[in-house]
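Open the model in your viewer and keep the sequence panel at hand. We will go from one selection to the next, with a note on what to look for at each stop.

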Amino acid sequence: MISTASINQLNAQSMSNTNQSGSRIPAKGMALFAKDGNFQPYEFTRHAVGDNDILIEILYAGICHSDIHMGRGDWNEIAYPFVPGHEIAGRVVQAGKNVTKFKVGDYAGIGCIVNSCGQCGYCKADEEQFCEKGMVGTYASVDYHHHDEITQGGYANNYVISEDYAIKIPQNADIQKIAPLLCAGITTWSPIHFSNVKKGESVAVAGFGGLGHMAVQYMVALGASVTVFDITDDKKADAIRLGAVRYVNVNSPNELEGLKDQFSFIVSTIPDKYDPMLYVRMLKENGELAIVGMPSLANTPVIPTTFLAFAARRKVYGSMIGGIKETQEMLDYSVARGIYPEVKIISADQIDEAYRNVIDGKVKFRYVIDAKTLK
Ligand code: NDP
Ligand code: ZN
């Protein structure tokens with residue numbers, strides 16, 4: 001783990017023989033070197049800490065199913081070595097001279113967005129995830145603010161980020177459980193609030209994994225009556241324990257009986273091929289199906305438009321994480337209400353096994369890497 005003292009020493013050394021803007025920051029992480037490879041230690045560098053930047057010593061990083069999709073090239077071809085990780089919780093170890101939001105020693109978090117153009121309508125409306133120039137993603141993304149270098153993610157010991165894109169984590173937070181809020185939390189929080197889910201409503205969650213178990217907790221906290229859909233009976237007791245009123249195994253057709261026209265809102269987090277019309281038909285008139293699950297392009301589910309027309313004003317929309325302001329609101333609310341993911345802490349040498357377990361549905365509910373274990 002890199003310490004403040006060693007970073008200061010490194011910076012002092014290199015400031016004497018490089019330009020005034022400081023030197024690049026050495027980092028070490030776990031990377032995939034090919035789409036079908038295993039994780040291996042990888043040393044690389046991050047851009048220097050600018051005047052508005054903070055350097056975060058990463059403490060914990062969550063494993064999102066998106067990391068797996070991206071590493072396998074499910075959505076597009078990416079460059080390797082690839083360091084995933086966009087659910088990051090850590091501590092500030094260095095702050096640029098213009099930084100006001102953080103001081104050294106504060107907890108800080110990073111989600112999926114590390115920069116954006118800052119100028120377009122979306123950025124000005126705090127919806128950087130839809131930036132017209134493209135948001136700079138935490139990993140596998142072209143950082144057009146830093147010479148088009150490709151970003152590397154949070155399965156690593158540090159990250160350099162502008163303070164404007166870092167999330168403040170209250171000092172009283174349960175820091176081991178914070179990281180998954182930065183993606184699983186905000187991705188479900190955002191459509192729940194966009195669709196204005198209210199107390200007493202019948203709502204549902206399709207796909208009860210990392211994202212799904214956060215959606216259940218947020219909607220239970222709002223006072224909604226939550227039904228959970230998944231493909232086995234394995235997580236039934238967990239759903240009820242988290243406050244759901246019903247659990248449906250979609251592979252048992254009799255459990256689906258009587259559910260047509262029942263829900264005002266459904267969020268689908270499903271990462272694999274499925275029939276979205278199953279859920280459209282379970283919406284009430286004017287009900288909304290928010291799609292956040294992102295199966296591989298080869299397996300992407302299709303909505304037949306003719307069937308949708310017959311579905312009479314049920315609405316379907318996609319949703320992508322959430323902006324920085326909304327992420328901060330979600331995080332503050334979650335900590336204040338004690339709403340956290342259920343996590344299993346693992347070491348860096350267990351990432352390959354963790355990936356297999358996520359794909360096989362064996363995790364309840366989120367793996368989180370302890371960054372101390374990076375070699
Ligand atoms: P997980 O693997 O943790 O959870 C997925 C859950 O869906 C599992 O419980 C799985 O069951 C269940 N499932 C699989 N197939 C079906 C099916 N046909 N019907 C019902 N349930 C099913 O994944 P995450 O929660 O981390 O991510 C979910 C998806 O969301 C991924 O595609 C990810 O890329 C995407 N995502 C999208 C974001 C966005 O901004 N839109 C942000 C973050 C993630 P089992 O465990 O039994 O396999
Ligand atoms: Zn994610």
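Begin with the lining of the largest cavity, which has eight nonpolar, three polar and no charged residues. In this classification Ala, Val, Leu, Ile, Met, Phe, Trp, Tyr, Cys and Pro are nonpolar, Asp, Glu, Lys and Arg are charged, and the others, Gly among them, are polar. To see the lining, select Gly 111, Cys 112, Ile 113, Tyr 165, Ile 167, Leu 182, Ile 186, Ile 321, Gly 322, Ile 324 and Thr 327. The space inside comes to about 60 Å³, and a search of the whole structure finds one cavity of 30 Å³ or more. A cavity here is a set of points, on a 1 Å grid over the protein atoms alone, where a 1.4 Å probe fits but cannot get out; lining residues have an atom within 4 Å of a point. Grid points are joined across faces, edges and corners, and the volume is the space filled by probe spheres set on them.

Before moving on, note that this is a predicted model, in which local features need pLDDT of at least 70 and side-chain atom pairs count only at pLDDT 80 or more, while totals for chains, interfaces and linings use all residues. Residues are numbered from 1 along each chain as its sequence is written, chains are lettered from A and ligands numbered from 1 in the order in which they are written, and side-chain values use heavy atoms, with hydrogens and water left out.

**Helix H9**

Next, select residues 324-337, which form helix H9. Helices (H or I, at least four residues) and strands (E, at least two) are DSSP runs numbered from the N terminus. How far apart are the end C-alpha atoms of H9? They are 20 Å apart, which agrees with the 20 Å that its 14 residues should span at 1.5 Å a residue; the expected span is 1.5 Å times one less than the number of residues.

Now color the buried residues of H9: Ile 324, Glu 326, Thr 327, Gln 328, Met 330, Leu 331, Ser 334 and Val 335. Buried means under 20% relative accessible area, exposed over 50%, and partly exposed in between (1.4 Å probe, protein chains only). These residues pack against strand E6 (113-115), strand E11 (167-168), helix H4 (184-194) and helix H5 (210-221), where contact means heavy atoms within 4.5 Å. Just after H9, look for Gly 338, whose phi is positive at about 70°.

**Helix H5 and its neighbors**

H5 reaches 17 Å from its first C-alpha to its last, close to the 16 Å expected. Its cover includes H4, H9 and strands E12 (202-206), E13 (225-230), E15 (263-268) and E19 (366-370). Just after H5, Gly 223 has a positive phi of about 90°.

Stay here and select Ile 192 in helix H4. Is Ile 192 buried or exposed? At 0% relative accessibility, Ile 192 counts as buried. Not counting residues up to four places away in sequence, Ile 192 touches Val 197, Ala 215, Tyr 218, Met 219, Leu 222 and Phe 265.

**The zinc site**

Select ligand 2, the zinc ion, together with Cys 64 (SG), His 86 (NE2) and Cys 183 (SG), which coordinate the ion at 2.0 to 2.2 Å. Cys 64 lies in the loop between strand E3 (53-62) and helix H2 (65-71), and His 86 in the loop between H2 and E4, so the pair ties together parts that are 22 residues apart in sequence. Donors are N, O and S atoms within 2.8 Å of the metal (3.2 Å for Na, K and Ca); water is not among the atoms, so sites may look incomplete. Both Cys 64 and His 86 are buried.

**Backbone stops**

- Tyr 80 and Pro 81 are joined by a cis peptide bond, with omega about 0°; Pro 81 sits in the loop between H2 and E4.
- Lys 364 to Phe 365 is also a cis peptide bond, with omega near -5°.
- Asn 196 is not a glycine, yet its phi is positive at about 55°; look for Asn 196 in the loop between H4 and E12.
- Asp 261 has a positive phi near 60° and lies in the loop between strand E14 (246-249) and E15.

How values were computed: On a 1 Å grid over the protein atoms alone, a cavity is a set of points where a 1.4 Å probe fits but cannot get out, and a pocket is an open set with protein on both sides within 12 Å along at least five of seven lines; lining residues have an atom within 4 Å of a point.
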